[in-house]
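Subject: Structure handover

Hello,

Please find the structure below, for your files. My notes come after it.

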Amino acid sequence: MGMGRKARRQRTTTTVALLAASVTAALAAGCTGSGGPADDGRGQSRMPAAAQNLAGPTSRAGSVLAVKIDNVREARPQAGLNSADVVYVEQVEGGLSRLMAVYATQLPEVVGPVRSARESDLELLRQFERPTLAFSGAHSKLIPLINKAPLDAQTPGKSADAFFRDSGRASPHNLFLRPNKLLSSAPGEDALTTGFRYGAAPEGGQRETSRTVRYPAAQFTFTWSADQGRWLVSQDGTPTVTTDGKRAAPATVVVQHVKIRQSEFRDVVGSNSPYTETVGSGKAEVLRDGRAHDARWEREKATDGTEFTTNDGAPVNFARGQVWVVFVKA
């Protein structure tokens with residue numbers, strides 16, 4: 001079971017070393033929502049059927065692995081998505097979307113395509129104890145903030161053997177990650193300090209077999225499958241199928257209404273990078289078992305997980321399995 005805010009406060013904090021001095025030139029050439037210098041590259045090899053194990057991991061186990069995953073049409077099908085414990089969906093430049101997949105209970109052989117980080121990722125990841133963040137690069141002005149953040153930043157410039165280019169795809173949608181190069185093993189469920197609770201469904205709710213969430217230039221539809229006991233994901237009207245031929249199908253979908261504002265950063269064509277505020281409170285809808293439950297979310301400070309309750313204050317349990325959290329503008 002995920003840990004709530006009270007349990008999180010009782011956790012013993014581990015003294016950690018500061019993030020390594022400067023991020024390499026590949027990271028310094030910041031990339032953005034529509035692709036920037038750090039996302040460019042030449043495909044050197046096709047994605048192998050199984051990830052090679054050429055060298056040991058560069059990061060310690062014990063904390064989650066978070067990977068920024070490309071989500072435009074050219075990036076699909078994606079790899080390793082179904083192994084994630086939590087998938088966060090965020091709005092980026094031009095009204096498009098991007099995913100952050102969080103891995104704790106298992107590590108897939110390959111994840112990707114990997115893309116760039118955003119400022120709001122740093123706030124979202126504070127709920128975990130020194131997580132490893134794998135990404136392709138970042139805006140040059142964002143690098144100092146990444147350097148100061150309590151996380152382990154991993155990019156192709158820092159851990160070249162962990163990343164590879166798939167020559168069968170066009171750049172910048174061809175960068176993939178071998179997670180076992182960064183973590184020696186999956187850290188386990190205790191690393192998921194999200195505040196999520198799992199168990200019996202709350203009472204009530206409304207029967208719902210399909211929910212569509214729209215961004216200005218992206219669309220997600222979650223369709224309930226009673227046979228699978230899962231919500232089948234479609235993006236932009238097309239079923240989301242991963243590279244292994246399996247449908248993306250979380251057990252729980254959370255539509256979380258948050259403040260989305262402009263940040264201080266812009267991409268290479270001048271579009272502002274949205275900042276998604278995940279600390280605070282607001283309304284949400286929790287979809288599980290073919291029903292939609294109205295809820296409230298609260299995250300008092302960045303180091304807390306997010307708690308979901310009914311309007312009368314009772315905890316809202318999620319169905320056991322993968323959770324997708326879709327951030328929408330309140």
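This is a predicted model: local features need pLDDT of at least 70, side-chain atom pairs count only at pLDDT 80 or more; totals for chains, interfaces and linings use all residues.

Residues are numbered from 1 along each chain as its sequence is written, and side-chain values use heavy atoms, with hydrogens and water left out.

Overall

The protein chain has four helices and 18 strands. Helices (H or I, at least four residues) and strands (E, at least two) are DSSP runs, numbered from the N terminus. The chain holds 330 residues, and 56% of them count as buried. Here buried is under 20% relative accessible area, exposed is over 50%, and partly exposed is in between (1.4 Å probe, protein chains only). Of the contacts with a separation of 6 or more, 69% are between residues 24 or more positions apart, a contact being heavy atoms within 4.5 Å.

Aromatic rings

Rings of Phe, Tyr and Trp (its six-membered ring) pair if their centres lie within 6.5 Å; planes under 30 degrees apart are stacked, over 60 edge-to-face, and the rest tilted. The count is nine aromatic pairs. Phe 196 and Phe 318 make a tilted pair, at 5.0 Å centre to centre and 55° between the planes. This pair links distant parts of the chain, 122 residues apart: Phe 196 is in the loop between strand 7 (175-177) and strand 8 (206-207), and Phe 318 in the loop between strand 17 (307-309) and strand 18 (323-329). Phe 196 is buried at 2% relative accessibility, and Phe 318 is buried at 0%.

In the pair of Phe 222 and Trp 324, the ring centres are 6.0 Å apart and the planes are at 75°, so the pair is edge-to-face. Phe 222, in strand 10 (residues 218-225), and Trp 324, in strand 18, are 102 residues apart. Phe 222 has a relative accessible area of 0% and is therefore buried; for Trp 324 the value is 0%, and Trp 324 is buried too.

Ring pairs also join Phe 196, Tyr 198, Phe 308 and Phe 318 into a cluster. Arg 320 lies over the face of Tyr 198, 4.7 Å from the ring centre. Elsewhere, the charged end of Arg 261 sits over the ring of Tyr 275, at 4.1 Å from its centre. The rule for a charge over a ring is NZ of Lys or CZ of Arg within 6 Å of the ring centre and within 35 degrees of the ring normal.

Two single residues

Arg 291 is in strand 16 (residues 291-299) and is partly exposed, with a relative accessible area of 33%. Its C-alpha atom is 4.3 Å from that of Arg 207, 84 residues apart along the chain. A polar atom of the Arg 291 side chain lies 2.7 Å from the backbone oxygen of Gly 205. Not counting residues up to four places away in sequence, Arg 291 touches residues including Gly 204, Glu 208, Trp 231 and Val 286.

His 257 is in strand 13 (residues 252-266) and is buried, at 14% relative accessibility. Leaving out residues up to four places away in sequence, its contacts include Glu 285, Trp 297 and Val 328.

Regards

Notes:
A polar contact is a pair of N or O atoms within 3.5 Å; within protein, one must be able to donate a hydrogen and the other to accept it, and residues adjacent in sequence count only if both atoms are side-chain atoms.
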